[in-house]
Every structure is written in C-alpha cells, then in structure tokens.
Amino acid sequence: MYRQIIGYIPSNVVPAVISILMVYSYTRLLTPGAFGVYSYIFSAILVLQTSLFHALPIAVMRFYPGADLAGRKSGLRTEAYIVFYALAAAVAAISAVVLLLVGMPEAYRIPSLLAVPVLLFRSLVQLNQSFSRSANNMRRYNAIECVHAVLGFGLGLLGIYLLGPGAEAIILGLLIAAILCSLPDMPGLGVPLRSAAGALDKTELMRLLAYAWPMVAVAATATIMQTSDRFMLGTISGADALGIFAVAYSLVERPTTLICSSVTTATFPLVVRVLESQGKEAARLQNGRNGIALLALTLPACAGLALTADYIAASLVGPAFRDGVAALLPIMCYTALARGLRAHFLDHAFHLSGRPLMMLWTYVPATILNIGINLYVVPRYGMFGAAWTAFACQWFTVVAGWFVGTSLFPVWLPLWQTMRCVLAVVPMVAGLTLIRFPLNWYGLIASVALGAVLYIISALVLDVGEVRSLARDALRRRIKRRVCELTD
C-alpha cells in the first residue's frame, strides 16, 4: 500500500506546487475583482464536473477489477465512453441554450463561453485517468497529471501576457491544457464506439448506470454544499470579497485534496480488489489501514497550514489579499480536514456497499443547513461567516457519515493508531506556537521545515501507521535475502 502511495507522489506534488505558483502569480497580476470573476466561473465548472461527470470515473474504478478478472476490460471502456458521450452532448446542448437566453455582465461573458469546453475536456481527461488508476499504470497517470497542471499554469500566464489580466486568459489556458492532455487517448476514443456491437454488454451498461446515477445526485448535493458560499459571496458581497475568499480556499483545498488523493489513488482500487477477491472482512481491515494512512498525512498537513497561515499570506499572496487570507486560512484548514476524512474515507463505505445514494442522508441536511445559515451570515459577516458555516457543516457530515456508513459497511479505524496520529502532531503544534520566525520566505521555509521534522520524528517514535515496523521488517528481509545470496 505505502509503495503505491509513494509511486503516485509526482501526480500530487507537482500540481500542489503549481497551485501555489498560481496563487503567487495571479494575486500579483490580477486585482481581487478579476480573481473573483475567475473563481466564480471556475467554481461553476467544478460544480458541473463534480456533479455530472465525477461519478463515471468512480464507477470505472469500482468495476474495473471485476472486469479484469472476467476478461472484459474493453467492454467496460466501451460502456464508460458511451455514457460520457451521451452526457457530454446533453450538457453541451443545454449550456448553449442557457448561454443564449441568459444575459451576463460583460466581465463574465467570454469566460462563460469558454467554461463549457473546459468542463467537457477536463472531464474527458479525468475519465481517461480513471483507467490508468485502475490498471495501476503509475507512469502514465503521473505524466498526464503533471503535464496537465504545468500546461494549465504556463498557458494561463501566456494568456495574461497576450490578452491582458482577465479571467478569460486563465480559463483559455486551462482549455488548451485539457485538450492537449486528452490527445494521448484520442486514437482510442472512437474504438469503443466502432466496436460497440461486439463488445457492448447491455446488462453491464445498465449496471454501470445503476451504480453511477445515484452518485450524480450525491456529488451534486455535496458540491453545492461546498461551493454555494462562493456564489453567495460573489453575488452578495461582491467580486473583491470572493477573490480573497477564493485565494484562501485555493491555498488550503489544493494541497489537502492532493494529499488525500495521493492516498486514495493507490488505496481505493486496492480495497476494491481485496473486496472482490477476499471478501468483506478483509476489505474492512484494508479500509481501516487506508484510513490511518489518510489521517497520518492529512492531520499534520492541515494543522501545519493553520499554524503557518501568517507566513503563507506574507510570502505567497499579493498585498491586496494578505490580511483576509491570513485570517481565513486556519478556519479553512480544519474544514478541509473534515472534508478529506469524509470524502476519502467515510464515503468509501457507501461505494463498497454498492449504495452510494445513501450518502444523501448526510449531504442533503448539511447542504440545506449550509445554504440557510449563509443566507443569514453572509450579508452580516461576509467571508468569515461563510468560512465558519462551512466548518460546522463539513464536520456535521463527518459525524453523520460515520453513523450512516457503518450501518452499510463495517467502517473501522484502529483506535490506538488513531491516537498515535493525534499525539504525533502535538510536538509540531508546540514547536510552531513557541518558536516564531520573520514573516517572509525565510520564515515560511523555516517554519515548514521545523514542523515537518518535529512531526516525522514523533511519527517514527510512535510508529504511526506502523511505518517504522514495516520498514524494519522490510530491512530484515532484505538483509536475510542478502545473507542467503552470499552463503549460496
């Protein structure tokens, strides 16, 4: 498991670094208002992508091991692309009608026109990547993820240089990057359709749809809960407030999501394979080990981001954004911790049980609560009211998800290992609280290094995730094998 997590590090580290560079550059090249327009449009893209298209890659990863055992991987690919093409055609047609009928402010008009192709090509890349993840093709997956991130940023900067500092320049860069990253799979995109008559199994197609469509409802609800505050801020408080809020959100969400994804990229297909081949009890144990690996990485990351918020704001963010970002970051860090635990661990119980629609019992109440509270707090408390509302609602889904999820699949976390994860963070918190550095690049690097060293030492001493034990056993086996080779 840990070998697979390490193998996917490039696909997570490179985009995380690029996201930091984007914030550093865009907050200096764009005004808060322009960044707010970009955030508004990109949030809409993410809402639609997560709501409509994200379920299909998850369904692919869920059924790929079984299809591999049955020798029908090409059939699964055929079914997945047929569903994608049908959905993409419907989205394109509806979007064209909406864009023709709905009047938009001038600043939003061109970015909105670019948003639809960005949505479709990003979703296509995501679907292609789900096959690479399922087949554990690390090299291909890492290469496309890294190139996608680098191109999106580089072409966005080029667009600003050529077109001026507007949201449309960044979104055009994202579109070209998504198109280029879909090209490696282009030769095979038509093959499933041409061979549909021979490879398509209508029973399996309906099974895929039956698994995917409930997740569309769940993903739409969860995404509305996660992003509705940004739309309310942009509408009620204006683009400037949204721009500051979006920068803080990006600084937290991108690295924490990528850390979580680095774990689940390797571990979710693994637990599915265990479930298919060894049964529910073995999958329960594997899922618990996955949860500890997730907690051991996400908890110190969120705590470290919260404790270094002032260094991050002083070093990475433009002057017009700094004060608001520094104040928002700690709130958003612990919100991100809840979101990561829920989406990348607790929600797996619903996927593994084959009943993803049951997630609505956790997401619908939280979404209604989130929108209702924001309607009251955003006009009065602005972005801070929205941040605290998100914090409360995300932790509500964690508690609700635990109780509902365990009724469907035996969710399990080793208690002593969970306590070790929490205790390992204590030295880092103490060190970063007591030792202060200048609010500049030196201070940021020094504080991150100090926090990382303190956590790594305490994690090794406490044997968090049994990493020390596993490394010791691996070293012993290697020494034993070496001795046997020498004696032979």
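Me: Buried means under 20% relative accessible area, exposed over 50%, and partly exposed in between. In this predicted model, is Gly159 buried or exposed?
Reply: Gly159 lies in helix H7, which covers residues 138–163. Its relative accessibility is 9%. Because the limit for this class is under 20%, Gly159 counts as buried.

Me: Which residues are in contact with Gly159, once its neighbours within four places in sequence are left aside?
Reply: Gly159 and Ala169 are ten residues apart along the chain, and their C-alpha atoms are separated by 4.5 Å. With the neighbours within four places in sequence left aside, the contacts of Gly159 are Gly164 and Ala169.

Me: How are H5 and H6 oriented to each other, roughly parallel or roughly antiparallel?
Reply: Two packed helices are described by the angle between their axes and the distance between the axes. Helix H5 (residues 73–101) and helix H6 (residues 106–134) have axes 10 Å apart and pack at an angle of about 170°. Angles over 145 degrees count as roughly antiparallel. The relation of H5 to H6 is therefore roughly antiparallel.

Me: How many nonpolar residues does the contact of H5 with H6 have?
Reply: On the H5 side the contact includes Leu76, Tyr81, Phe84, Val91 and Leu99, and on the H6 side it includes Leu113, Val116, Leu120, Leu127 and Phe131. By class, the contact of H5 with H6 has one charged residue and four polar residues, while the number of nonpolar residues is 15.

Me: Is Leu99 buried, partly exposed or exposed?
Reply: Leu99 is found in helix H5. Leaving aside neighbours within four places in sequence, Leu99 is in contact with Met104, Ser112, Leu113 and Val116. Its relative accessible area is 24%.

Me: How far apart in space are Leu99 and Arg380, C-alpha to C-alpha?
Reply: Along the sequence, Leu99 and Arg380 are 281 residues apart. In space, C-alpha to C-alpha, their separation is 32 Å.

Me: What is the volume of the second largest cavity?
Reply: Rolling a probe the size of a water molecule over the atoms shows where empty space is left. The count comes to three cavities of 30 Å³ or more. For the second largest cavity, the volume is about 130 Å³.

Me: Which helix gives the most to the lining of the second largest cavity?
Reply: The second largest cavity is lined by 15 residues, which divide into eight nonpolar, four polar and three charged. The elements that give two or more residues to this lining are helix H12 (202–237), helix H13 (239–278), helix H16 (322–352) and helix H17 (360–406). With five residues, the helix that gives the most is H17.

Me: Is Thr335 buried or exposed?
Reply: Thr335 lies in helix H16. Together with Asp229, Tyr249, Arg339 and Ala390, Thr335 is among the lining residues nearest the centre of the second largest cavity. Leaving aside neighbours within four places in sequence, Thr335 is in contact with Ala387, Ala390, Phe391 and Gln394. With a relative accessible area of 5%, Thr335 is buried.

Me: Is Asp323 buried or exposed?
Reply: The place of Asp323 is in helix H16. The relative accessibility of Asp323 is 70%. Because the limit is over 50%, Asp323 counts as exposed.

Me: How far apart in space are Asp323 and Glu145, C-alpha to C-alpha?
Reply: In sequence, Asp323 and Glu145 are 178 residues apart. In space, C-alpha to C-alpha, their separation is 33 Å.

Terms used. Residues are numbered from 1 along each chain as its sequence is written. This is a predicted model: local features need pLDDT of at least 70, side-chain atom pairs count only at pLDDT 80 or more; totals for chains, interfaces and linings use all residues. Side-chain values use heavy atoms; hydrogens and water are left out. Axes are lines fitted to C-alpha atoms, for helices over the stretch in contact, and angles run from 0 to 180 degrees between N-to-C directions. Helices (H or I, at least four residues) and strands (E, at least two) are DSSP runs, numbered from the N terminus. Angles under 35 degrees count as roughly parallel, over 145 as roughly antiparallel, 65 to 115 as roughly perpendicular and the rest as oblique. Contact means heavy atoms within 4.5 Å. Ala, Val, Leu, Ile, Met, Phe, Trp, Tyr, Cys and Pro count as nonpolar, Asp, Glu, Lys and Arg as charged, and the others, Gly among them, as polar. On a 1 Å grid over the protein atoms alone, a cavity is a set of points where a 1.4 Å probe fits but cannot get out, and a pocket is an open set with protein on both sides within 12 Å along at least five of seven lines; lining residues have an atom within 4 Å of a point. Grid points are joined across faces, edges and corners, and a volume is the space filled by probe spheres set on the points. Buried means under 20% relative accessible area, exposed over 50%, partly exposed in between (1.4 Å probe, protein chains only).
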